[in-house]
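Dear colleague,

Please find below the structure that I am handing over to you. The notes after it set out what was found.

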Amino acid sequence: MAKFLIIRFSSIGDIILTTPVVRCLHKQLPEAEIHFLTKESFKDIVANNPYINKVHTLGEDFDAMLKTLEAEQFDYIIDLHHNLRTLRIKKFLKKVKSFSFNKLNVEKFIYTNFKINTLPKKHIVDRNLETVASFNIVNDGFGLDYFIPEKDVVPKQDIPAAHSAGYIGIVIGAALATKQLPVHKLKELCGSINHPIILLGGKEDRVAGDLIADVDEMKIYNACGKFNLNESADLIRNAKMIITHDTGLMHIAAAFQKPIISVWGNTVPAFGMYPYYGVKSSQQ
């Protein structure tokens, strides 16, 4: 039985984009044992994944973590983060054969600085899957996964009654300000939509959400900061469609096969991280 360690430390979207690797390994090598290493703050994203046997977290004591990983006696490392910390892990576990994701940093530099696109016309999901190609793993076409535990399913009474018959989810935040529409544009967008709206984001988006909701407090419900990540994912799962910046919630929406309108700022779809439904999806 082969034992795999898959590494992706962050962030929300990048971790979700690794889920086809996890699923395909599990289903196409059913005897394999699959472990996943990520940051403690992102553990909940993979903790409920039935295709993962064990989750490890990157803590403050890096050396202790290395000893824990060494004790697992892995056969293979699938490095989907590929940075200095994963290099340190692979060096410490030098007897374990590793396969690393190609980040194409040179190609990205050429594109962002000289506007010359030499990037492959391939989604990052398929590039992630290239790391396990030598095991005869192929893309099963079923897109991304996101698993919500029962405890994080949002009760109907936790959203306004006016939204119980259906709503559009609008993700107002993003990791960088340059990825986000300004508040006045989001207010204009929400004002033009004749349908109940739920604003989605973290605690840091709460104030902006209140300003946007002022457009029409009956129509617009500001959920920013009121729900944890899994609960926000459940709100996405039950939305009719999602309007979003290039964010982790965009990839959660794709995992639930939701129609998506994506807005791009300082990032571009050519980097291969646009919404991914899988070739067997009706949304593709």
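In what follows, contact means heavy atoms within 4.5 Å. Helices (H or I, at least four residues) and strands (E, at least two) are DSSP runs, numbered from the N terminus. The model is a predicted one, in which local features need pLDDT of at least 70 and side-chain atom pairs count only at pLDDT 80 or more, while totals for chains, interfaces and linings use all residues. Residues are numbered from 1 along each chain as its sequence is written, and side-chain values use heavy atoms, with hydrogens and water left out.

I begin with helix 10, which spans residues 229-237. Its buried residues (under 20% relative accessible area, with a 1.4 Å probe and protein chains only) are Asn230, Ser232, Ala233, Asp234, Leu235 and Ile236. They pack against helix 3 (43-47), strand 7 (197-200), strand 9 (241-245) and helix 11 (248-255). At the start of helix 10, the backbone nitrogen of Asn230 has a side-chain oxygen of Asn228 within 3.1 Å.

Next come helix 4 (residues 62-72) and helix 5, whose axes come within 10 Å and cross at roughly 45°. Axes here are lines fitted to C-alpha atoms, for helices over the stretch in contact, and angles run from 0 to 180 degrees between N-to-C directions. Helix 4 is therefore oblique to helix 5; angles under 35 degrees count as roughly parallel, over 145 as roughly antiparallel, 65 to 115 as roughly perpendicular and the rest as oblique. From helix 4, Phe62, Asp63, Met65, Leu66, Lys67, Leu69 and Glu70 meet Arg85, Arg88, Ile89 and Phe92 of helix 5.

Helix 5 (residues 84-92) also holds Lys90. Is Lys90 buried or exposed? Lys90 counts as buried because its relative accessibility is 13%. Its side chain is joined to that of Asp79 by a polar contact of 2.8 Å. Such a contact is a pair of N or O atoms within 3.5 Å; within protein, one must be able to donate a hydrogen and the other to accept it, and residues adjacent in sequence count only if both atoms are side-chain atoms. Leaving aside residues up to four places away in sequence, Lys90 touches Ile77, Asp79, His82, Ser98 and Ser100.

Finally, helix 8 (residues 183-192) packs with helix 9 (residues 206-213) at an angle of about 40°, their axes being 9 Å apart. These two helices, helix 8 and helix 9, are therefore oblique to each other. Val183, Leu186, Lys187 and Cys190 of helix 8 meet Ala208, Leu211 and Ile212 of helix 9.

With kind regards

Notes
Buried means under 20% relative accessible area, exposed over 50%, partly exposed in between (1.4 Å probe, protein chains only).
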